[in-house]
Amino acid sequence: MNLISTISLPRCIPFLTAAIFLAQGCAHRNQKLSPSERRVFQAYEQAAEFAQNRVGDSLVHFRVEQSAASQSGRDRRPGTVSFAGIVLTEEGHLLAPFTIRPETTDRIEAWIGEQSYLARPLKYDESVGMTIMKVEPNLPLTPINMDALKDLRAGEHAVVVIGSDEESEFSRFTFFAICQGVIEGRYRQFSLSPTPNQTRGAPVFNVHGDLVGLASQSNAWALSDLREDLAELLDEAKGRTTGRSPRNENAWFGATLTPINRDYARANDLPRSALWLLSVFEGSPAYDAGFRSGDLVVALNGEPLRLSGSRVYQYFMQALRPRVGAPFSVTAIRDGKEVHGKGVLTLRPEPRTLRAEDLGISVSEINDMLVVQHNLFENQGVLITEVDRGSPAATGRQFGRNLLLPRDVITSLAGRPTPTLAAFGEALDYIRRERPEAVLVEFQRGPTAGLEALNMRIGDRDSASN
Amino acid sequence: MNKFHFLSILVCLALPGLAQQLFSPTLDAPLEGTLQTPEFSSDIPAEIIAKVDPSVVSIQHERAGGTGFIISEDGYILTNGHVVQGDDQEDPSRPARTITVVLHNDLKYPASVIGLSLDPDVALLKINAPMKLRPVEFADSHKVSVGQRSFAVGTPIGLRRTFTSGILSNIERTDLGTETVVFQTDAAINQGNSGGPLFDQQGRVLGINTYGGRGTNNIGFTIPIHVARDMIDDFKEHGRFVRSLIPLFFTSDLYDELARVLDVERGILISYVMKHSSAWEAGLRSGDILVEVDGEPVSAGNRAELLNFEWKHTVRPPGETIRLKVLRGNGEARHEVEIETVLEPLGPLPQFARHRGEIPEYRYAFVGLGVKSQSMLHHVIHALPQGVEGVLVKFVEDNSTASKADIQPFDIITHVAGQPVTSLREFQETFEAELQKRNPAIEVNLVRRKLNIRTAIAPDYLMQHRHVALISASENSEYVDLMRRELLALGAKITVYTEDGHPVSRDLLDRPLYADAALKDLEVENYDVVLFAGGSGARALWENEEALRVVRDTIEAKRHLAAVGTAAMLPVLGSPEPLEEKITTNREDSAIAVSRGANYTGKDVESDKLVHTTTGQERDVVREFLTTIYQATLRTPVR
């Protein structure tokens with residue numbers, strides 16, 4: 001996997017920072033400074049000191065040795081990348097600012113102070129691109145204190161602190177940045193003036209030494225927005241039985257959503273941060289909460305939606321924090337009036353499937369979601385999901401033209417209607433019992449229907465080919 | 001009869017054809033094929049060569065070229081459709097513009113396209129030569145055999161009068177997904193052979209060479225000549241090939257397994273009948289087995305037989321009565337059903353498989369939206385929802401107003417500004433009424449597959465403070481509708497004038513374009529732009545006192561003066577002083593323009609100070625012209 005797209009150059013850090021220190025030092029020693037100028041430099045020094053003190057022993061310096069195989073793209077070559085992180089628990093849970101999958105073969109070292117540990121990814125969250133890493137310390141580590149979190153205002157100074165390895169004698173490096181503005185979203189980001197790539201993942205403080213965020217590419221994630229989700233992610237990483245299922249995995253709201261067009265919203269005096277429910281599937285949590293196709297979602301869990309266009313959808317999904325069992329309350333507009341509904345996300349129903357190797361196909365039962373997803377014109381049948389090469393279903397009169405195709409809906413097999421998977425199974429049993437030489441298949445293909453006869457004497461009947 | 005051939009179409013659609021991957025029209029085939037001369041035992045006699053040589057012509061136009069052959073003394077020529085096709089996206093059935101036919105003796109003649117089809121890939125051209133031409137002799141392509149000697153004449157890679165020879169390798173090829181069977185030959189067929197004849201040993205035409213195998217050796221395909229001959233009368237009479245059918249059902253040949261499981265020896269399977277179609281109303285049902293047509297037994301045990309059967313009925317005259325006998329039910333319940341119905345003419349085809357489509361698009365380029373009428377075939381081909389009335393989105397330009405509204409091709413627009421739009425006409429009227437109001441957000445309801453979507457088109461109305469006088473000749477005017485439509489999309493206020501205030505030419509939807517007033521009432525002070533439409537009718541304006549007065553007034557009042565094509569002469573003719581500004585006009589009028597002292601540049605679009613002219617030779621040139629006018633108005637204050 002590609003851990004980090006930008007390969008950092010750790011060697012440049014000392015020079016960069018040294019340059020900054022020298023510049024400050026020179027100015028400091030300049031005896032011609034006015035008192036007010038001197039106060040400015042003192043304020044900088046103080047802010048740096050506050051931040052360094054506050055981060056204490058919770059600073060992590062990750063070094064990843066990437067093998068060529070672990071990278072994607074054309075330019076594959078082994079290399080080392082560095083980035084920052086923070087200590088989350090005494091027992092060795094760390095936060096890394098990338099999605100790192102557990103199956104990675106990269107060697108990941110975590111330097112905490114002068115100690116180096118081998119770190120393994122435990123749990124990642126793609127929506128924010130962060131991973132909980134684990135090391136095995138001999139002594140308890142010092143987790144960063146997230147009790148009092150502050151936000152940055154536009155124009156406010158920020159201090160970013162990163163650690164290093166023995167190459168620069170485990171120095172701490174400090175970068176000053178200015179908050180240029182706040183980027184809205186489910187997780188706000190403070191836009192920062194440029195800091196080097198290696199600061200990614202580092203804690204960001206205000207000039208008073210209050211923790212405000214985590215450095216990302218050129219911004220800082222607002223920790224006050226992330227804190228709760230990080231705590232959950234940590235719980236999951238610890239395998240703690242919280243009674244909740246893991247995030248994102250098949251949690252089901254049960255509707256097709258699309259953002260409202262801004263011009264339409266303006267013309268109709270509707271909020272531009274809103275999502276249409278284009279199809280609400282019967283029996284889904286959204287349906288049970290009373291929502292129907294054509295409703296316009298304007299608020300989630302008591303908060304109006306934010307942003308517009310495709311970003312409102314992203315905001316909604318992040319704010320929904322999808323997990324099975326998670327409660328939600330939604331406000332929608334229907335015929336000019338607000339409607340409210342509450343519910344709990346459930347497990348996405350998986351259609352049952354069946355493999356008919358005799359015919360050379362796999363089929364699945366059809367639900368409303370599949371009808372919408374594949375634009376099916378028939379739901380009283382079974383959906384072909386795969387056709388095996390060389391099988392009776394694949395071998396037509398002309399080379400390369402299958403008799404049956406994925407997304408065909410089989411409505412009858414060997415003269416027996418197959419409205420359900422069970423009925424299809426029975427027809428298949430009949431075929432296995434009677435072993436006819438040829439079998440008639442009736443199917444729906446898009447808006448039209450067809451009939452084909454499959455030669456049951458051909459194909460590899462004993463193995464799943466393909 | 002029905003579009004039996006839609007079965008093949010279906011297969012093509014579902015599996016982006018093997019045929020399409022392996023084979024391409026020879027015109028498009030790469031050049032890498034090497035010419036190989038097959039061994040042959042006897043020479044082609046000199047008299048045969050002398051007989052066929054004068055009948056074969058080469059064809060050139062602005063985009064490509066190919067081969068053709070003369071079929072009548074008065075200059076009818078057969079070739080492939082793809083040899084003479086144009087590239088007009090909005091009107092895909094429009095042929096190339098400047099087709100030239102070069103005879104064997106190097107004489108060149110301009111040719112007009114009488115009719116053009118891409119499947120079967122046949123076109124009929126006509127040249128007017130002062131002498132009698134030597135037509136080919138036709139063979140009976142129903143009576144051919146594999147192994148029969150054949151030779152091709154054509155213009156491979158531009159090499160005129162190239163003779164290549166071989167045999168008929170197969171005479172019932174159906175693998176290409178074509179509407180009819182085609183012949184396969186090993187006579188070398190290369191890029192440029194397209195449209196040329198394949199002769200038998202006696203020098204009689206067996207077919208039209210059409211496709212070549214890409215990356216193969218000596219695999220060429222030829223459309224049997226009887227197929228092309230079946231289409232000639234339609235081309236002459238209707239300008240297009242009109243199929244007869246009972247819409248809409250699909251058929252399948254009774255291949256071995258199918259015959260066994262259906263327990264029937266002969267016949268043709270009706271695999272699908274669209275509900276509530278003519279075929280359905282006539283009484284046909286899915287699963288019927290067709291055994292007789294007009295008292296004659298019919299059967300197809302393979303695809304070639306099926307295609308031959310289909311073609312035989314496709315070329316019958318529409319309106320003929322047809323009697324079918326089908327078997328229905330299984331086992332003991334099987335019984336015969338007799339059906340009598342009438343063959344219907346198939347309307348223009350949508351784009352699918354090898355067809356580029358025959359349905360013109362109605363485009364508002366300054367909104368980035370093109371729409372067209374829906375047909376029953378669209379529903380089948382593009383899996384559109386059934387029973388949804390509206391217009392079909394054909395074109396959405398990237399980064400346009402329409403794409404900002406997230407409108408996508410194959411959406412069906414059902415409502416505009418809350419009004420149902422069940423036809424293209426209704427769409428046009430409703431949409432243009434909103435444009436005229438300069439509605440900042442025109443609400444649109446769409447159906448996309450299974451979803452209903454509400455959105456809004458927010459045009460930029462770049463010319464919303466400008467008033468345009470659009471002047472058209474009373475007859476033979478061009479692009480009046482296009483300019484009116486596009487100026488509306490730009491937000492301009494438009495007043496249409498004709499010489500006498502009577503309606504002018506009809507639009508794409510055959511709707512007369514109403515004139516608001518007569519030319520004598522035009523007061524240029526009320527307008528920012530005075531725009532003369534082109535077309536041959538505009539020549540009448542050259543000597544029209546009112547038109548010349550309007551030109552003079554426009555120049556004196558320092559308003560924008562714009563003119564298209566033939567009308568582009570008007571600024572030269574009407575200017576009180578010799579016109580200093582550069583102009584352009586169509587090629588025919590350029591000599592006159594120069595003789596009148598015009599500063600003629602010949603560019604597609606010319607804009608000099610307040611005078612704007614264009615050759616107006618294509619839709620897109622006219623649109624570029626309108627953009628130029630818009631940009632020019634930015635330099636003059638709003639009145």
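1. Where does Asn476(B) lie? Asn476(B) sits in the loop between strand E30 (467–472) and helix H12 (480–489) of chain B. Helices (H or I, at least four residues) and strands (E, at least two) are DSSP runs, numbered from the N terminus. Asn476(B) is partly exposed, with 16 other C-beta atoms within 10 Å. On this scale a residue is buried if 20 or more other C-beta atoms lie within 10 Å of its own, exposed if 12 or fewer, and partly exposed in between, with C-beta atoms placed from the backbone. Leaving aside neighbours within four places in sequence, Asn476(B) is in contact with Gly535(B), Ser536(B) and Gly537(B). Contact means that the C-beta atoms of two residues, placed from the backbone, lie within 7 Å. Asp253(B) is 223 residues from Asn476(B) in sequence and 51 Å away in space, C-alpha to C-alpha.

2. A word on the model. This is a predicted model: local features need pLDDT of at least 70, side-chain atom pairs count only at pLDDT 80 or more, and totals for chains, interfaces and linings use all residues. Residues are numbered from 1 along each chain as its sequence is written, while chains are lettered from A and ligands numbered from 1 in the order in which they are written.

3. Chain B as a whole. Chain B has 16 helices and 40 strands. Its radius of gyration is 28 Å, close to the 26 Å that the globule rule gives for 639 residues, so chain B is as compact as a globular protein of that length. The radius is taken over C-alpha atoms, and the rule is 2.2 Å times the number of residues to the power 0.38. The C-alpha atoms fill a box of roughly 85 × 65 × 40 Å along the principal axes. Of the 639 residues, 52% count as buried. Among contacts in chain B with a separation of 6 or more, 64% come from residues 24 or more positions apart.

4. A buried position in chain B. Ala563(B) belongs to strand E36 (residues 560–564) of chain B. Ala563(B) counts as buried because 30 C-beta neighbours fall inside 10 Å. Not counting residues up to four places away in sequence, Ala563(B) touches Phe532(B), Ala568(B), Leu570(B), Pro571(B) and Thr613(B). Leu531(B) is 32 residues from Ala563(B) in sequence, yet 5.5 Å away in space, C-alpha to C-alpha.

5. The barrel of chain B. Six strands close into a barrel in the order E2-E3-E4-E7-E6-E5 (chain B), with antiparallel pairing. Two strands pair if DSSP finds at least two bridges between them. The twist averages 40 degrees from one strand to the next. Strand E5 (residues 100–102) and strand E6 (residues 108–118) of chain B pair over three bridges, in the antiparallel sense. Val102(B) stands opposite Lys108(B) in E6(B). Helix H5 (residues 225–238) of chain B lies across strand E4 (76–79), E6 and strand E7 (121–127) of chain B, at about 105 degrees to E6(B). Such angles run from 0 to 180 degrees between N-to-C directions, with axes fitted to C-alpha atoms, for helices over the stretch in contact.

6. The open sheet of chain A. Seven strands form an open sheet in the order E5-E4-E1-E2-E3-E7-E6 (chain A), and the pairing is antiparallel. Neighbouring strands are turned by 30 degrees against each other on average, direction ignored. H3(A) packs on this sheet, touching E3, E6 and E7 of chain A, and its direction makes about 135 degrees with that of E6(A).

7. Helix H3 of chain A. Helix H3 (residues 223–237) bends by about 25 degrees at Asp229(A). The bend is the angle between axes fitted to the seven residues ending there and the seven starting there. Leu223(A), Leu226(A), Leu233(A) and Ala237(A) are buried in H3(A). Just after H3(A), Gly239(A) takes a positive phi of about 70 degrees.

8. Where the chains meet. The contact takes 32 residues from chain A and 35 residues from chain B. E28(A) gives the largest share of the side of chain A that touches chain B, seven residues. By class, that side has 15 nonpolar, 11 polar and six charged residues. Here Ala, Val, Leu, Ile, Met, Phe, Trp, Tyr, Cys and Pro count as nonpolar, Asp, Glu, Lys and Arg as charged, and the others, Gly among them, as polar.
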